[in-house]
Amino acid sequence: MARCCNEHSRTDLMRRVAAEAGRGLPAIEAGMPMPAGTGLDRRSFLARSAGLALAVYGGSSLLPRAFEEGIAAAAAAGPQRVLVSVFLDGGADSLSMLFPSGDPLYRRLRPRLSLPASTGVPFAEDDRLRWHPSLAALATLHQEGKVSVLPGVGYTGPDQSHFTSRHFWEVGATNEKLRTGWLGRYLDRTGSPDNPLQGLSLESRLQPALATATMPVSAIDGPDRYSFSTRNVWGDVQTRLLEAIGSLGAIPTGGDAALVQATSVARQAARLREQLLPFTPKDDAPGFTSPVAYPQDEDDDFPRRLSGLAAMLGSGLPVRVVALTAPGMYDTHDDQPQELANGLKLTAESLLAFQRDLEARGLADRVLVHVWSEFGRRAKENGSNGTDHGAAGAGFLIGSRVLGQMIGEFPGLAKLDDDGNLRATSDFRGLYSSLLEQWLGADAEAIIPGARSFALPKLLK
Amino acid sequence: MREQARALTGFDNDWKRGPGHVNFRFDRKRHDEGGKRVFGKSGPFDWQDAVQLCLKHPQHPSFFVDKLWRYFVPTTPDTPTRRSLESLYRKDFQIRPVIEAILLHPALHAGPRMVKPPAVYTAGLLRAIGRGVDTQAWSWLSSMSGQRLFMPPNVSGWDDERWLDTATFRGRWEVANHVSRPFSLTEKQAAALPSEPQALVDGALTFWGSPTLRPETRAALVGFATKAMGDADANWKRRSYRFLVANGLRQLIAVSPDLQTS
C-alpha cells in the first residue's frame, strides 16, 4: 500500500507521525486552521444553543411523534433538490484522472507514471485529454451529457497543506478562522430547526462542510444502521424506552450550555431514529432494496452508503445536503498507480450505480453530485513512483440536470506556476456560488464571502 | 515548525500484528544532525533539545496551564488564579501540583457544566458500578462515541465543545448498554423487584451508585416507568415488565443529560 504523507489523514495523523518520524515529520504550519465545526467560540456556541433551545420549546413537533409531521411538512414543500458532496481525501491526481496524453510535456514530466495513449477513453471536449481507465464509468456518464468536468479547479494563492486547503474548501472561503461549513451556512439560512436530516453526513463523524451555527444536522453510517438496542429490554417496554429518549430531549436545561447540548442531541437522535424507522431491518430482511446493482466491496462502505441514500430520497425523507468521503487514498506520494486506480474505480462505479438508481426511481432530476479534492498534484513525478502536493486539480458535477460542459479549460503543462503546479482555470468559490444560486436557489452572497467577485459558471441544462 | 520537526527525526519502530507498533527507539543514523533554528536559537538540536526549547519558551507555562484548566472547567480562569497556577508550574515543571490545585478550585465545583469526553463518560460509568477494564470493547465503543484514545482527529486534539452529535449519541448509548450488560436483570429476578414506578427508579439509581439527578430528569424517568408498567395488561406482564423496565431505567439514567455532563 502506498504511503500518504503524514499530514494527510486527520484520523491517523498521530499514529503516522509516530510511525514515520524517521522519514522526517510533516510540515504543519503555525496557525493551521481547525476544521469547521470545531472550536466554536463561546459566543457562537451560545448562539447555537439559543437556536436549538427554540427547537426544544417550539411545540409539539419536538416530541417523537414529529416523524409524520416532518414528512408531511417536507411533502407540503414539494420535492426538494439535493446536493451530494463527495470528497476525494488527500489531493487526487488530476493529471491521471484526465491524463494529458496529447500534451508533449506529459511524458517528460512523468517518465514512470504516464499512462499510455492506448488506454482510457478520449475526452470529447479536449483532444489532449483521456479518461483514466478506472474512470470508465464517469466517461460513460459524460458521454450521456451527465458530467460537467472542472479540469483545473482551485484558487489563487494555493496552499499545499492538506489541513489548510481542505479547510478552505469545507468552509467555502480562503479564511482560516471560519468555523462553519459552506453547506452549514446554507442550512443556517434556509433550514428547519427540527429536521436533522436536512444536513446529512453519511459517515460516523460530522463532515465539516455541514457544520452549522444554529440548525441541527445528522451523522449516520447508513439509514438501516441507526438503531438503539438494550440488553433484556424488548416488546412494549422497548417501544416506551425509545420514546423516552425524546422525553430526555425535552427536559428543561435552565440555559446551561452543556445541558442544552446533551438535551438537544437526545432530541435529535430520537427524531432521526423515527425518521429512519422504515429502514430498520426486520427479521433479517434488509432495511431497503435497490433497483440496480451496486459494486460490492469488502473493505469500503461507499456503495452501500450511496444505495442507502437513494433509498432515503426515494422514500421522501427531507434530505437537502449530503456529504461523504469517497473510497481510496489519494495522497499518493509513492506507489501511486495501483492505489489511485483502486480508489477511482470503486468511486466512479459506485457513482454510476447511484445515478442509475436515481434514474430508476425517477429522482435523477433533483439530485446533483459534486466530486472534489483539496488540491491536485505536482506535474512532475517524484522519486518514489508517486506525486507530491500540487495546486489546481479536477472536479466533477454529476447528474441528469448538469450542463455536461467543461467549466474552465485544461491549463496545459507548458505554463505551470512557480512550484511546478497546474494553474487554476476555475475557482471553487465561484462553483459553490453557482451551486447555491442555480441549484439550491439561495443567495450566494450571504453564504460565500465575496461571491460576486468570482466568475459564476452556468451549471444546468 | 519545520526546524523542530528536523530536530525530532531519528525515531524508528517495528510493526507487529496484534500489538501494533513495538520496539520504539532512537536511531542516530536516521537523525538529521544538521543545524536548526528554533524560536530564535540555533544549534544541532535533537529531540531532547526540542523539548527543552518548548519548555523554556516564555509563553509555555501560561499556554500549558490554560489548556490543563480547560479540561476541567468550561470558563476561563480569573487573573489571580491563572497567575498562581502558572507560578506553581514554573517552580519545577511538575504537572501533579497544578492538577491538584485545579481539582481543589471552587470553579470546578460551581458554575456551568461540561459535556464529559467519551473516555471520562465510560470510566465514570464503570467506576460507578465498581467494574474495571475487563474487555477491549471500550476501545471501539469510545471510538463510536468520537474518541479513540491515542488517535485524535488532528494534531490539535479533540474538540471538547463538540462531543455530541447523532452518531456519537448512539455510541454513548452502546457504552451504557455494554457497561451494565453483565448485570442486566432477567425474568428470575423479576419477583424481587418492585412494581411502583418511583421504587423502580430508586432501584436503578442505586445501581449507578446514586448519582444526583435534577427533579425534571427524575420526572421523565418516572414517566417512562409509569407508561411502561401501565401497558401491562396481564398478570404475567405485570411481573415480567418489572425487570424490563428496570433495565430500561438503567439505560435511560446513563444516557440522560445529567450523566452526560458534569
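Modeller: One term comes first: two residues are in contact when heavy atoms of theirs lie within 4.5 Å. One caution comes next: this is a predicted model. The part I pick is B:Ser256.

Where does B:Ser256 sit in chain B? It is in the loop between helix H13 and helix H14 of that chain. Helix H13 covers residues 235–255. Helix H14 covers residues 257–260.

Is B:Ser256 buried or exposed? Its relative accessibility is 0%. Buried means under 20% relative accessible area. B:Ser256 therefore counts as buried.

Which residues does B:Ser256 touch, once its neighbours within four places in sequence are set aside? Two of the partners are B:Leu213 and B:Thr217, in chain B. Another partner is A:Leu248, in chain A. So the list of contacts for this serine takes in both chains.

Now look along the chain. B:Trp173 is 83 residues away from B:Ser256 in sequence. B:Pro74 and B:Ser87 are 13 residues apart in sequence. Their C-alpha atoms are 22 Å apart in space. Keep both pairs in mind as you turn the model.

B:Pro74 also sits in a loop, the one between H3 and H4 of chain B. Its relative accessible area is 25%. Because buried needs a value under 20% and exposed a value over 50%, B:Pro74 counts as partly exposed.

H3 runs over residues 60–70 of chain B. Its buried residues are B:His60, B:Pro61, B:Val65, B:Asp66, B:Leu68 and B:Trp69. What do they pack against? Their partners are helix H2 (47–55), helix H4 (79–92), helix H5 (96–104) and helix H6 (106–109) of chain B.

Step back to chain B as a whole. It holds 14 helices and four strands. It is divided into four pieces: domain 1 (1–57), domain 2 (58–112), domain 3 (118–180) and domain 4 (184–260). B:Ser256 has a number that falls within the range of domain 4. The C-alpha centres of domain 1 and domain 2 of chain B lie 29 Å apart. Their contact takes four residues from domain 1 and six residues from domain 2.

Of its 262 residues, 45% count as buried, and B:Ser256 is one of the buried ones. Take the contacts in chain B with a separation of 6 or more: residues 24 or more positions apart account for 64% of them. The accessible surface of chain B comes to about 13900 Å², and 56% of that belongs to carbon and sulfur atoms. Chain B also carries 37 positive and 26 negative charges, whose mean positions are 2 Å apart.

One more residue of chain B is worth a stop. B:Asn23 is in strand S2, residues 20–26. Its phi is near 55°, a positive value in a residue other than glycine. Most residues other than glycine have a negative phi. At 45% relative accessibility, B:Asn23 counts as partly exposed.

Chain A has 13 helices and ten strands. Of its 461 residues, 62% count as buried. Among its contacts between residues at least 6 apart in sequence, 73% join residues at least 24 apart.

A:Pro223 lies between strand S6 (218–219) and helix H9 (235–248) of chain A. With a relative accessible area of 2%, A:Pro223 is buried. Leaving out residues up to four places away in sequence, A:Pro223 touches A:Leu276, A:Phe279, A:Phe288, A:Gly308 and A:Met312.

Methods
Residues numbered from 1 in each chain as written. Chains lettered and ligands numbered in written order. Predicted model: local features only at pLDDT ≥ 70, side-chain atom pairs only at ≥ 80, totals over all residues. Heavy atoms only, no water. Helix = DSSP H or I, 4+ residues; strand = E, 2+ residues; numbered from the N terminus. Buried < 20%, exposed > 50% of the residue type's maximum accessible area, 1.4 Å probe, protein only. Areas by Shrake-Rupley, 256 points an atom, 1.4 Å probe, with all protein chains shown as cover. Lys, Arg positive; Asp, Glu negative; His and termini not counted. Charge placed at Lys NZ, Arg CZ, Asp CG, Glu CD. Domains from an automatic or database assignment.
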